[in-house]
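Please look through the two-chain model shown here. A short report on its architecture comes after it.

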Amino acid sequence: MNVFVLLLSLAAQGPARAPHVLVWGGDAEGGAPFVEADPTDPSKVRGFDVEVAERIARGLGRRTARFIQVQWSSIDQSVERGDFTLGLSGVEETPVRRARHAVSIPYFEFREVLAVRPEDAGRIHGLADLRGRRVATLGATIAYDLLVAARDSTGLIPLSYDDDVHPYADLVTGRVDAVLLDHIIAERALRRRGGSAPGFVILAQPVSLGHYVGVLARADSVLRDSVDAVLREAMRDGTLEQIFRRWDVWDPSQGALFDRVVRSSAAVAPAGSAAASHVLAYLPSLARAAGVTALVSLLSMILAVIVGLSLASGRVYGPVWLRVATTLYIELIRGTPLLLQLFVIYYGLAGVVRLPAFLAAVLALGLNYAAYEAEIYRGALEAVPRQQLEAARTLGLSELQILRLVRGPQALRFALAPMTNDFVALLKDSSLVSVITVVELTKQTAIYATNVGSWVVPGALCAGVYLAMSLPLARLARRLERRWRPAA
Amino acid sequence: MNALLVIDRLTVRYDSREVLRALSLEVARGEIVALMGPSGVGKSTALRAVAALQPFDAGRIVVDGFALAPGPVPPESRLVPLRRRVGLVFQAHALFEHLSALDNVTLALRHVLGQSRSKAEAAAAVLLAELDVGARASAWPSQLSGGEAQRVAIARALAPDPPLLLMDEPTAALDPARRSALGTTLRHLSEQGRGLLIATHDAEFARGHADSVVSLTA
């Protein structure tokens, strides 16, 4: 009982409750100039969002602002859970966010800008010029929504990344034809590549405008109003301008934004479309993503079966060097994470061969599962009784005929159940390929969930689709097993 | 000297233990020879050596002019003539579990002798009928009784028409009535001109149905 009371009191004094500290959340992985680990003291963070948070804390009469690291795409959920009071890390203003959470007034105006390779700069001036081309951006952003909306009207191919470094790297190597992101991120990427030939240029004409806001829990609307008051004050007294100038992100449009915001206490009209939250609107993209999941899984499994059979034959029938080689491959693949293999095949090999993301996904999954299939087939081949093989030999069948006519068919019956298990596992592991920009079912669900601000409906839909694919497989396997097993 | 099978001083060692020491015997066409002895005395080993399923250490085996020498078992590609000369019926039958009785018998006809499916099936049906299991042609091995499985296994071994048939403990799983029927079947096969070498520990069966008996002692 005492322990319970203690826990309760600890929970009540959790980070978001301490009155003299403003606990705020952001993603230091997003990096400068937003939030980054301080190079001189990595236990601290710095960036303009850090200073904005400190300015807000001061204005609210708090002694300090304490930073909590949270994944960027989870800021909304975390703030509602009470992990921190204020989310602030290049958080975009969207109608959905405004409807579901207590959102501050905008404190920064960004431009969604296109980056293209220098040789394309003369031909590409906007999304309309990108018909049939691959355009990269961060997932779960306004930019991604813009690209998805443009997919239907202009026929471009949106690609979603989990970070903002690889889109530009892939633009330079030619994997994608354009990148659409906030101008701060684009300019940072340009600086990062440095030199006289960074490999891409940023188009001057922005695709659209957006605003960064602070996000608070829906129940904290009173505190949000106080935050708004502090932000307006900081716009008036010049402290916000100083912060942005210090981080070299100040430009005339910020002054115009401040004027508008300070003049009207009403919120600035948000950028982006308002139709994003409707369930039906997401069904086509979920269906498409489910198709990608099914196709990636099916092709990977076919590859895994073919390579797995070759590996198993090598291990059972091959000469010593081949047995050693296949064993090494199998142990290497089984002993390292699939995620690592995906990265190596997609990014690591990019210098040698630039595989399209879909092909890299199928290759990585297929070659990974081939190792597991090989062990299943080897076990199944070795489970066929020796007398069956000897009987076949005495009849005069060649080794190849024995494998094809006697050993293989019997091994298949042993292998069927574990193979089906693997296929179901592969179906779910295929969600990993989203790290190399293939938008499959889980990724699409995450995007959907971020946009509507809840995992309940998207999660249930996603689970339903996975089950709809895996349950029939298990059923099929049971039926085949029954049919191929001679009646006892 | 017109022996179909000549085994001359056959010696097999497992590690340092001698399983067979200098076994010699001959089987002529139309003759049934029983290889007698208690369990573990090397009867099956002798049959397996004749069928080139295991190596032997000394001696010589000649099947209808095809000789096997001591040392490792030659690759299958060099054993084609032997495979055409020798059929082996395993003690546990070793029927192919994934094939029907009929397909067990047609397998070698189609894939070794290259016969068409219809011709192979017609020949297999005749064999199964002769062995009194014609009605079981479409059954799976696991659906057959011990006696039925044995006769299907005999049909399978006979399908490529080998002159020499080896049988390992054919009476092990048979009741007395079936044993007598088996004896009749074997006699019928020998009358077709085949030589039969039967490994058995069943002295009564050997005395009743074999033309000659070779005894192995431990």
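The report below covers the model's basis, its chains, their interface, and selected packing and strand details.

## Basis of the model

This is a predicted model: local features need pLDDT of at least 70, side-chain atom pairs count only at pLDDT 80 or more, and totals for chains, interfaces and linings use all residues. Residues are numbered from 1 along each chain as its sequence is written, while chains are lettered from A and ligands numbered from 1 in the order in which they are written.

## The two chains

Chain A contains 18 helices and 13 strands. Helices (H or I, at least four residues) and strands (E, at least two) are DSSP runs, numbered from the N terminus. Chain A has 488 residues, and 43% of them count as buried. A residue is buried if 20 or more other C-beta atoms lie within 10 Å of its own, exposed if 12 or fewer, and partly exposed in between; the C-beta atoms are placed from the backbone. Of the contacts in chain A between residues at least 6 apart in sequence, 74% join residues at least 24 apart. Two residues are in contact if their C-beta atoms, placed from the backbone, lie within 7 Å.

Chain B has 7 helices and 9 strands. Its 218 residues include 45% that count as buried. For contacts in chain B with a separation of 6 or more, residues 24 or more positions apart account for 67%.

## The interface

Where do the chains meet? In chain B, 24 residues are in contact with 19 residues of chain A. Three elements of chain B each supply at least two residues of the side that touches chain A: helix H2 (80-85), strand E6 (86-89) and helix H3 (101-111). That side of chain B divides into 15 nonpolar, 5 polar and 4 charged residues. Here Ala, Val, Leu, Ile, Met, Phe, Trp, Tyr, Cys and Pro count as nonpolar, Asp, Glu, Lys and Arg as charged, and the others, Gly among them, as polar.

## A helix pair in chain A

Helix H13 (residues 338-346) of chain A packs with helix H14 (residues 357-383) of chain A at an angle of about 140°, and their axes are 9 Å apart. That makes H13(A) oblique to H14(A). Angles under 35 degrees count as roughly parallel, over 145 as roughly antiparallel, 65 to 115 as roughly perpendicular and the rest as oblique. Axes are lines fitted to C-alpha atoms, for helices over the stretch in contact, and angles run from 0 to 180 degrees between N-to-C directions.

On the H13(A) side, the contact includes Leu338(A), Leu342(A) and Ile345(A). H14(A) contributes residues including Ala360(A), Leu363(A) and Asn368(A). The contact divides into 8 nonpolar, 2 polar and no charged residues.

## The parallel sheet of chain B

An open sheet of 5 strands in chain B has the order E6-E7-E8-E3-E9, with parallel pairing. Two strands pair if DSSP finds at least two bridges between them. E6 and strand E9 (212-215) of chain B stand at the edges with a single partner strand each, so one side of each has no neighbour in the sheet. The twist averages 20° from one strand to the next.

Strand E3 (residues 32-36) of chain B pairs with E9(B) over 4 bridges in the parallel sense. Val33(B) stands opposite Ser212(B) in E9(B). Helix H5 (residues 146-158) of chain B packs on the sheet and touches E6 and strand E7 (164-168) of chain B; the direction of H5 makes about 165° with that of E6(B). Helix H6 (residues 176-191) of chain B also packs on the sheet. H6 touches E3, E7 and strand E8 (195-200) of chain B, and its direction makes about 150° with that of E8(B).

## Antiparallel strands and turns of chain B

Strand E1 (residues 3-14) and strand E2 (residues 17-28) of chain B pair in the antiparallel sense over 8 bridges. Their hairpin has 2 residues between the strands, and Asp15(B) takes a positive phi near 55°. E1(B) is also joined to E4(B) by 5 bridges, running antiparallel. Val6(B) has Glu26(B) as bridge partner in E2(B) and Val62(B) in E4(B).

E4(B) runs antiparallel to strand E5 (residues 66-68) of chain B, with 3 bridges. Ile61(B) has Leu68(B) as its bridge partner in E5(B). This hairpin has 2 residues between its strands, and Asp64(B) in the turn has a positive phi of about 50°.
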